[in-house]
Amino acid sequence: MAKKKDSPLEAPAATATAVNGAAEVLRLPAEVLFADQLEALRQNETDTPPLSWKLAPRTVLAYIVGGKTLEANLGGKKQKIEVTRKFFGDTAIVERAIVTLASDRALLLIGDPGTGKSWLSEHLAAAICGNSTLAIQGTAGTTEEHIKYSWNIARVIAEGPNSSNLIPSPTMVAMRTGALLRFEEITRCVPDVQDALVSILSDKNIAIPELPDANTIFAKPGFNIIATANSRDQGVNDLSSALKRRFNYVHIPIVADKKTEIEIVRQRSADLLSRYEIPAAIEPAILELLATAFRELREGRTGEGVSIKSPSSTLSTAEAIGTAVDAVLHCRYFGDGKVTSGAVARNLVSSIVKEDPQDQAALKEYVSIVAKKRGVSDKHWQGFHDEAQKMLR
Ligand SMILES: Nc1ncnc2c1ncn2[C@@H]1O[C@H](COP(=O)(O)OP(=O)(O)OP(=O)(O)O)[C@@H](O)[C@H]1O
Ligand SMILES: [Mg+2]
């Protein structure tokens, strides 16, 4: 009888199931973490999904932007499931991303670091094909083998190349199953490696010349690629014109308004802290202070319209989330659990002042002019100023 040719590496769904069953996992993929919401949306589906898609485009959008409460039958029980907001930003951006994935062209999410590109790509893959783990991380060391396939060398020496000795790449698995491939930081890959993608995106197949027969893997409908690129890294390895033509660029901007940024920091820090079983209640006034400091330093201008120096380090929403989480942990482990503006100051200083001494100067200026002035009438800014002064001495 013919041997089953699929290698164990070709079972992404099994990986997710194994993960789901594990008692403790540091970070679950979106399709496992939000399985209830995805199932509730599937049960309430009214449109026809494109071939191989789990949900129709409108439902994928509803999963990403949230805001609905649905009734669903889960585990034999009728339940009300709230669909939470995953990505905060312009709905039109998400719509464009979804339409691109349904088309023949691949999607490139491009923007500043920490703007939620990888986060959006993970949720799009989870909602569209139910598997966000087929991913390639682009680095200077990524090779064509990572993109196409490699071999179990010892077995090839013993038996010669055959399909059971082949180690498929996530691309190949995505092609075989009609799923989405996530390609992180594509501009970090050298041009030769990027070029391997040109044929994959045009012909939608991978040829395996080493195999005597059945030597081409054809993509099933539903296969597509979501790539991400950092606009600060652009120019590291710019995409070739051939590749640019095959991608639809969707620009992910930094969150425009303070209220939304506060909401992202509040929701994401609570999500991240839930794994420590620590209540992440940060007083609204302190969250506002954190978001204000990040925005003013990023923009180089205070709310009152005064120009200030802006540090060169990234002051993304992701950094603000990190600062909030660190402040909560600090107060829980070394304080009385109540998050103070002093703890925010301590962690903000270490997340902004990294290598460049000019960043320290910029922050010093902000603290000694802006925070000091506000501290006269506001106890939180006072606490922020006092602690930051100590750190920056
Ligand atoms: N607009 C947003 N909506 C929801 N979450 C966001 C948003 N912007 C940032 N985040 C949060 O910031 C964190 C980092 O996001 P992510 O890793 O996706 O950034 P990125 O754009 O891929 O950055 P990099 O270019 O450095 O890889 C995530 O926890 C994500 O939830
Ligand atoms: Mg990323």
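## Briefing: a parallel sheet and its surroundings

Leu-107 sits across from Ile-226 of β10, in a sheet where strands β3 (residues 106-111) and β10 (residues 224-230) pair in the parallel sense over 5 bridges. Two strands count as paired if DSSP finds at least two bridges between them. Helices (H or I, at least four residues) and strands (E, at least two) are DSSP runs, numbered from the N terminus.

A word on the model itself: it is predicted, so local features need pLDDT of at least 70 and side-chain atom pairs count only at pLDDT 80 or more, while totals for chains, interfaces and linings use all residues. Residues are numbered from 1 along each chain as its sequence is written, chains are lettered from A and ligands numbered from 1 in the order in which they are written, and side-chain values use heavy atoms, with hydrogens and water left out.

**The chain as a whole**

- You're looking at 17 helices and 11 strands in the protein chain.
- Along the principal axes, the C-alpha atoms of the protein chain fill a box of roughly 80 × 50 × 40 Å.
- Of its 393 residues, 48% count as buried; the cut-offs are under 20% relative accessible area for buried, over 50% for exposed, and partly exposed in between (1.4 Å probe, protein chains only).
- Take the contacts in the protein chain with a separation of 6 or more: 71% of them come from residues 24 or more positions apart. Contact here means heavy atoms within 4.5 Å.
- The accessible surface of the protein chain comes to about 19,200 Å², and carbon and sulfur atoms own 53% of that. Areas come from the Shrake-Rupley method with a 1.4 Å probe, and for residues only the protein chains shown count as cover.
- There are 47 positive and 47 negative charges in the protein chain, with mean positions 3 Å apart. Lys and Arg count as positive and Asp and Glu as negative, with His and the chain ends not counted; each charge is placed at NZ of Lys, CZ of Arg, CG of Asp or CD of Glu.

**The sheet**

- The open sheet has 5 strands in the order β4-β7-β10-β3-β11, with parallel pairing.
- At its edges are β4 (135-137) and β11 (247-252), each of which pairs on one side only.
- From one strand to the next, the twist averages 20°.
- Helix α9 (residues 170-177) packs on the sheet and touches β4 and β7 (180-184), its direction making about 155° with that of β7. Axes are lines fitted to C-alpha atoms, for helices over the stretch in contact, and angles run from 0 to 180 degrees between N-to-C directions.

- β7 is mostly covered, with 5 of its 5 residues buried.
- Leu-180, Arg-182 and Glu-184 point one way from β7, while Leu-181 and Phe-183 point the other way, and all are buried.
- β4 runs parallel to β7 and is joined to it by 3 bridges; Gln-137 has Glu-184 in β7 as its bridge partner.
- β7 also pairs with β10 in the parallel sense, over 4 bridges, and Phe-183 has Ala-227 in β10 as its bridge partner.

- Ser-169 lies in the loop between β6 (166-168) and α9, and counts as buried because its relative accessibility is 3%.
- Tyr-149 is 20 residues from Ser-169 along the chain, yet their C-alpha atoms are separated by 4.9 Å.
- Not counting residues up to four places away in sequence, Ser-169 touches Glu-145, His-146, Ile-147, Lys-148 and Tyr-149.
- Ile-352 belongs to helix α15 (residues 341-352), and with a relative accessible area of 0% it is buried.
- Thr-314 and Ile-352 are 38 residues apart in sequence and 7.6 Å apart in space, C-alpha to C-alpha.
- Leaving aside neighbours within four places in sequence, the contacts of Ile-352 include Leu-297, Pro-311 and Asp-359.

**Positive phi without glycine**

- Ser-52 isn't a glycine, but it has a positive phi of about 75°. You'll find Ser-52 in the loop between α3 (35-43) and α4 (57-65), where it counts as partly exposed at 39% relative accessibility.
- Glu-277 isn't a glycine either, and has a positive phi of about 55°. The loop between α12 (258-273) and α13 (284-299) holds Glu-277, which is exposed, with a relative accessible area of 76%.
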